[in-house]
Amino acid sequence: MSAALSNLVVLGRTGDGKSTLCRCVALQLGVPLGTATTMFRESSGPASHTHDPVSCSSDPNSGPMPGTTVMDTPGLMDTDGVAKDEENIARIVRHVRKLASVNAFCLVVNEQASRFDSGMQDAVKLLVDSFGPNCLNNMGIVFTKAYGGVSLEESKKNAAHIAALISRRTGFGIPYIPSWQLDCRPEQLATTFGLPQSEIERRVAQRDATLLELLRWARASNPVDTTGATAAEYEQRRLAREAEEKRKEAEEKRAYDQKVIKTDIEKRSIEYNRTSVPIFRDETRSRRVWKGGMGKMLGQKKTQHWTERVHVGNTVTRFMREEQRKVETLGSGQVIYGEWTTVREWQENA
């Protein structure tokens with residue numbers, strides 16, 4: 001597949017004619033009808049028959065467009081919702097990465113209901129987020145089921161309007177987007193509207209010419225490198241997911257801030273009481289005094305003794321207590337101190 005000279009990837013809403021277009025392109029490339037019909041199963045309803053991207057290539061050495069690969073992809077805006085779309089985008093990205101490059105991204109729009117609503121804009125935004133803004137330079141629009149009710153001028157205006165919507169939604173300018181009107185099954189008009197064979201033949205020739213023009217445009221476009229493509233997700237879902245991630249992150253931070261990450265035991269010894277008992281001792285004192293009577297006249301003295309209680313100090317008893325408390329450090333850095341509790345008590349003399 002990687003040896004193909006040009007790669008065309010067909011994208012669009014389920015039921016708008018992607019697989020039918022791919023079958024027509026394959027036939028234009030010379031792929032046998034049975035192979036093209038088997039590979040590109042058609043779906044007219046909202047549920048896609050294409051669950052995985054499928055592709056086929058023309059002979060690399062012969063045919064009108066040698067070495068050209070056309071890839072059909074699962075439909076966007078599937079009935080299973082945006083989750084299915086994201087799953088389909090992931091499948092598309094995996095297969096397109098194998099191509100290594102893409103020359104053209106062909107966006108299929110049903111001309112009978114060409115309203116390019118917000119859902120399709122979101123889907124294209126998902127494609128741009130997956131393949132990068134350069135894919136817009138290689139994007140073309142094919143209005144399928146073009147039965148002749150819309151003029152070429154009106155079709156070009158519709159394409160310009162869709163380009164403006166895509167540009168506004170993706171944020172990337174699109175100066176010009178080529179477009180084609182295509183009725184993949186003009187032969188059915190003979191039965192439906194009773195058109196003459198000559199008109200059917202004219203429309204078949206017009207279809208083939210349009211397909212050839214589309215393939216030439218794809219072949220002439222500079223390829224977009226798709227080796228680094230990554231599957232994106234819908235912006236609304238991404239924003240919701242990011243908001244949920246931020247909420248969880250904030251919740252985890254709050255939980256961590258309130259979590260005890262370190263616990264220590266702080267200890268101290270304190271004197272919670274003190275008693276002081278005075279110490280006395282008896283000391284004998286003496287002094288010389290005059291004797292009574294004629295003793296003083298005669299110059300006679302005697303020694304007088306007595307006992308005196310003297311305060312010589314105090315006995316101090318300190319009542320001590322060892323206490324401890326738990327110190328917890330939270331993730332926020334806050335420190336929480338527990339209550340002091342008694343470990344033991346003792347007395348000591350100072």
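Trainee: Is L298 buried or exposed?

Mentor: L298 is exposed, with a relative accessible area of 57%. Keep in mind that this is a predicted model.

Trainee: Where does L298 lie?

Mentor: In the loop between strand 9 (260-290) and strand 10 (301-330). L298 forms a nonpolar surface patch with M294 and M297, and together they have about 370 Å² of accessible area.

Trainee: What do nonpolar side chains tend to do in soluble globular proteins?

Mentor: They tend to be buried together. For that side of this model, look at the cores. The largest nonpolar core has 35 residues, and V9, F105, L107, F116, F131 and I166 are those with the most contacts inside it.

Trainee: Which elements supply at least two residues each of this core?

Mentor: Strand 1, helix 3, strand 5 (104-110), helix 4 (118-131), strand 6 and helix 5. Helix 4 gives the most, with seven residues.

Trainee: What is V9 in contact with, leaving aside its neighbours within four places in sequence?

Mentor: V9 is in contact with M71, T73, V96, L99, V102, A104, F105 and C106. There is also another core apart from the largest one, of 26 residues, and V10, L21, V25 and A218 are among them.

Trainee: V96 is on that contact list. Where is V96 found?

Mentor: V96 is in helix 3. At 0% relative accessibility, V96 counts as buried. Leaving aside neighbours within four places in sequence, V96 is in contact with V9, M71, V102, F131 and T226. V96 and P53 are 43 residues apart in sequence, with their C-alpha atoms 8.8 Å apart in space.

Trainee: How many residues of helix 1 are buried?

Mentor: 10 of the 11 residues in helix 1 (residues 18-28) are buried. Just after helix 1, G30 takes a positive phi of about 95 degrees.

Trainee: Which residue other than glycine has a positive phi near 75 degrees?

Mentor: A100. It lies in the loop between helix 3 (82-99) and strand 4 (101-102), and A100 is partly exposed at 31% relative accessible area. K145 is not a glycine either, and has a positive phi of about 55 degrees. Most residues other than glycine have a negative phi.

Trainee: Where is K145 found?

Mentor: In the loop between strand 6 (139-144) and helix 5 (152-170). K145 is partly exposed, with a relative accessible area of 26%.

Trainee: Which residue forms a salt bridge with D16?

Mentor: R13, with the closest N and O atoms 3.8 Å apart. R13 is buried, and so is D16.

Trainee: How many salt bridges does a search of the whole structure find?

Mentor: 27. Another of the pairs is E87 with R91, where the closest N and O atoms are 2.7 Å apart. E87 and R91 are separated by about one helical turn because they are four residues apart in helix 3. E87 is partly exposed at 36% relative accessible area, whereas R91 is buried at 16%.

Trainee: Which salt bridge pair links distant parts of the chain?

Mentor: E348 and R318, whose side chains meet at 2.9 Å, N to O. E348 is in strand 12 (residues 341-349) and R318 in strand 10, 30 residues apart. E348 counts as partly exposed at 29% relative accessibility, and R318 is partly exposed at 23%. Salt bridges with shared partners also join R268, R321, E323 and E345 into one network.

Trainee: Last one: what does the side chain of R285 make a polar contact with?

Mentor: The side chain of E283, at 3.0 Å. R285 lies in strand 9 and counts as partly exposed at 28% relative accessibility. Not counting residues up to four places away in sequence, R285 touches Q304, H305, W306, E308 and V310. R285 and Q304 are 19 residues apart in sequence and 8.3 Å apart in space, C-alpha to C-alpha.

How values were computed
Residues numbered from 1 in each chain as written. Predicted model: local features only at pLDDT ≥ 70, side-chain atom pairs only at ≥ 80, totals over all residues. Heavy atoms only, no water. Buried < 20%, exposed > 50% of the residue type's maximum accessible area, 1.4 Å probe, protein only. Patch = residues over 30% accessible without salt bridge, like charges linked within 9 Å, V, L, I, M, F, W, Y side chains within 5 Å. Areas by Shrake-Rupley, 256 points an atom, 1.4 Å probe, with all protein chains shown as cover. Salt bridge = Lys/Arg side-chain N within 4 Å of Asp/Glu carboxyl O. Core = buried A, V, L, I, M, F, W, Y, C linked by side-chain atoms within 4.5 Å. Contact = heavy atoms within 4.5 Å. Polar contact = N/O pair within 3.5 Å; in protein donor to acceptor, adjacent residues only side chain to side chain.
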